[in-house]
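Open the model in your viewer and keep the sequence to hand. The stops below are given as selections, each followed by what is found there.

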Amino acid sequence: MQYFEDIEIGAARDLGSHTFTQDAIIAFARQFDPQPFHIDPEAAKSSSFGGLVASGWHTAATVMRLLVDAAVDLEASLGSPGFDDLAWLKPVRPGDTIRARMTCVEKTPSRSRPGIGSGRFLIEAFNQKDELVMRYTSIGIMRFRNPA
């Protein structure tokens, strides 16, 4: 278990990787973001993307899964009040494999709630060409190992 005291500013953690398939891209988009360039390979060819692309929300949800599996379950996490600066920088296409990384950029003990603190974490996702496809800053609330 990793507690607030264990987190170092500047420390980065690899979160793993995931490969997107055409079927998964279409299934996610049909349910949550049914735009033609996410659900119809033929219609997507005439879009500004020139082909089928994953919904940005699909990319974000996938990175969230990687984050939970690689980090949140191992930390004394108390959840998150949100995130800042979400940006989808490059499209994710069928066959792309993204890998994610989390870097602590700031941490602050709570002034009003002893025994907990918050951290800001830069979350980045890169494709197989090492191009940054998505980034955001997550805020995490964590317990102290020794609250006193």
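Start by selecting His-38 and everything around it. Leaving out residues up to four places away in sequence, His-38 touches Ile-25, Ile-26, Ala-29, Asp-33, Leu-52, Val-53, Ala-54 and Ser-55. This is a predicted model. His-38 lies in helix H2, and its relative accessible area is 4%, so it counts as buried. Show the polar contacts next. The side chain of His-38 makes one of 3.4 Å with the side chain of Asp-33, and it also reaches the backbone nitrogen of Ser-55 at 3.4 Å.

Now select helix H1, residues 22-32. Which residues of H1 are buried? They are Ile-25, Ile-26, Phe-28 and Ala-29. These four cover an arc of only 165° around the axis, and therefore sit on the same side of H1. Turn to the face away from that buried side to find the exposed residues Asp-23, Arg-30 and Gln-31.

Move on to the largest nonpolar core, which has 28 residues; within it, Leu-15 and Val-63 touch the most other members. Two or more residues each come from helix H1, helix H4 (56-70), strand S3 (97-109), strand S4 (116-126) and strand S5 (132-143). H4 gives the most, with five residues.

Finish on Val-63. With neighbours within four places in sequence set aside, its contacts are Ile-98, Ala-100, Ile-123, Ala-125, Met-134 and Tyr-136.

Key. Residues numbered from 1 in each chain as written. Predicted model: local features only at pLDDT ≥ 70, side-chain atom pairs only at ≥ 80, totals over all residues. Heavy atoms only, no water. Core = buried A, V, L, I, M, F, W, Y, C linked by side-chain atoms within 4.5 Å. Buried < 20%, exposed > 50% of the residue type's maximum accessible area, 1.4 Å probe, protein only. Contact = heavy atoms within 4.5 Å. Arc of directions from axis to C-beta. Polar contact = N/O pair within 3.5 Å; in protein donor to acceptor, adjacent residues only side chain to side chain.
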